Amino acid sequence: MSDAVVVGSGPNGLVAANLLADAGWRVTVLEAQDEPGGAVRSDRGVDPEFVSDLFSAFYPLAAASPVIRSLALEDHGLRWCHAPRVLAHPLPDGRCAVLDRDRETTAKGLEEFARGDGEAWLDLCRGWDLVGDGVLDALFTPFPPVRAGLALAGRVRAAGGLRYARDLALPVRRLGEEKFAGPGGRLLLAGNALHADLAPEAAGSGGFGWLLTMLGQFHGFPTPAGGTGSLTAALVARLRERGGVLVCGQRVTEVVVRGGRALGVRTADGGAYRAHRAVLADVTAPQLYGELLAPDELPPRLRDDLLRRFEWDFATFKVDWALDGAVPWTAPGAVGAGTVHLADGVDALTRFAAQLATGEVPDRPFLLFGQMTTADPGRSPAGTESAWAYTHVPHEVRGDASGAGLTGRWDAREAEAMADRMEEQVERYAPGFRDRVRGRRILSPPTLQAADANLRDGAINGGTAALHQQLFLRPVPGTGRPATPVRGLYLASASAHPGGGVHGAPGANAARAALRAHTPLRVAAGALARTRPVRNAQKEA
């Protein structure tokens, strides 16, 4: 019997398993797919000579995460690579906003858009100098982050107090307009906000755009050498070194509960795995509460909240390419950037977000484009490029903004048509791009979900990043901690605080909660409580 069973071998599940193994627990990780990693995997499926990342690719949050750093994964083969430039946002007229890891270089480029914008950028960086460490400590600490929050409050006062806090609560459109006279700085902030499902006019989108942009400035957007699967391989190697067990091809269908306590899990093939101390679920909240647990194990209000209030982030459509040559960008600033944002401006981002909100497939989709060989030369032969792009589409398609009749069935015809639309968008910024395509792979929303059940229609963040589903409201009101209504069962996925991104915090929070529950004092207190008579037990329900 294991002390803990971890359901899912995505980065959060593997982080949780490693921390439990560090504490001496016997840990078994069960993965439904035939290989570990969740959305952190790579292969040679587009072309045998090219390494392609199936899902995520660049990891600023991992680079900044104290959780990931504490695991010393470099001792298990992980090596980070950086592109010459972090990020670029070209415009059709050839101008290009560039995020460089040297703040002075970034500022110099923004100064070309409007006088004073370089100094405005350096002012943002000075603010991060004051609050950045505090933000990361608070972000990656279990909720509520009392000690880290108090320390952060002091740093925010030093950075400008309520005015600084107001900036982070602003919509990213407004934040950009207040900080920058020209479009360059505004594009860097707004494009990064759209890495989440936050429209430029959404409250708090300014804070998210600021966070991701500052992470890029100070930590870069690194990628694992040899493919994202190298990050997973390092986590697995570290776990096995500590006696942990990973079993792939085992889809968990039920969390077994007796007397209000999780005892283990059952799998699709009829197998049973007992857990002496805890079950940690690196699955989405709807999966855990709606599929793996019997309805009578949950309070009616929680079930109702999940049904009526839980909101997914945008669905995703992705294309991988093997290119015979470098991308022929018309904007020189895009050459050498690992990540390239493709939209004509902030107004175009608003238009894109509005089309998604009204259920339309965007006609000119905002693309996040990755140049992986630029970042890691070993990904493909010299003179070629392993590339990808993804965009977002509605979960429920009500129309096609282009008039081409896409319905959201995402059959072969529709998938090819959407991939063509994305390539046409790239062509607007890189004429001749399509002539360099040696091979492509299309990952439509159903394909992404089939490859990783946590990616509901390709939703990559385990639920919306909007303010109404953050902190103590994530995944639903009153569930900000990883513990669930079932004793010994913990939510360890991106559906839990602090949400999406490869940083390991939800897994680490769940592991620490399980460990705290089994300290001698807590075990004794729990045993005492269970010996007392329970009166009026049904009133709460």
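Glu423 counts as buried at 4% relative accessibility (buried: under 20% relative accessible area; exposed: over 50%; partly exposed: in between; 1.4 Å probe, protein chains only). The model is predicted, so local features need pLDDT of at least 70 and side-chain atom pairs count only at pLDDT 80 or more, while totals for chains, interfaces and linings use all residues. Residues are numbered from 1 along each chain as its sequence is written, and side-chain values use heavy atoms, without hydrogens and water.

Glu423 forms a salt bridge with Arg440, with 3.1 Å between the closest N and O atoms (a side-chain nitrogen of Lys or Arg within 4 Å of a carboxyl oxygen of Asp or Glu). Arg440 lies in strand β19 and Glu423 in helix α16, so the pair ties together parts 17 residues apart in sequence. Arg440 itself is partly exposed, at 26%.

A salt bridge also joins Arg434 and Asp420, at 3.2 Å from N to O. Here Arg434 sits in the loop between α16 (412-429) and β19 (437-443), and Asp420 in helix α16, 14 residues apart. Arg434 is partly exposed, with a relative accessible area of 32%.

Elsewhere, Arg166 and Asp167 pair at 3.8 Å between their closest N and O atoms. Arg166 is partly exposed at 40% relative accessibility, whereas Asp167 is buried at 11%. Both belong to a salt-bridge network that also includes Arg174, Glu177, Glu178 and Lys179. The whole structure holds 41 salt bridges.

Turning to the chain overall, 57% of its 541 residues count as buried. The C-alpha trace spans about 75 × 55 × 50 Å along its principal axes.

Terms used. Helices (H or I, at least four residues) and strands (E, at least two) are DSSP runs, numbered from the N terminus.
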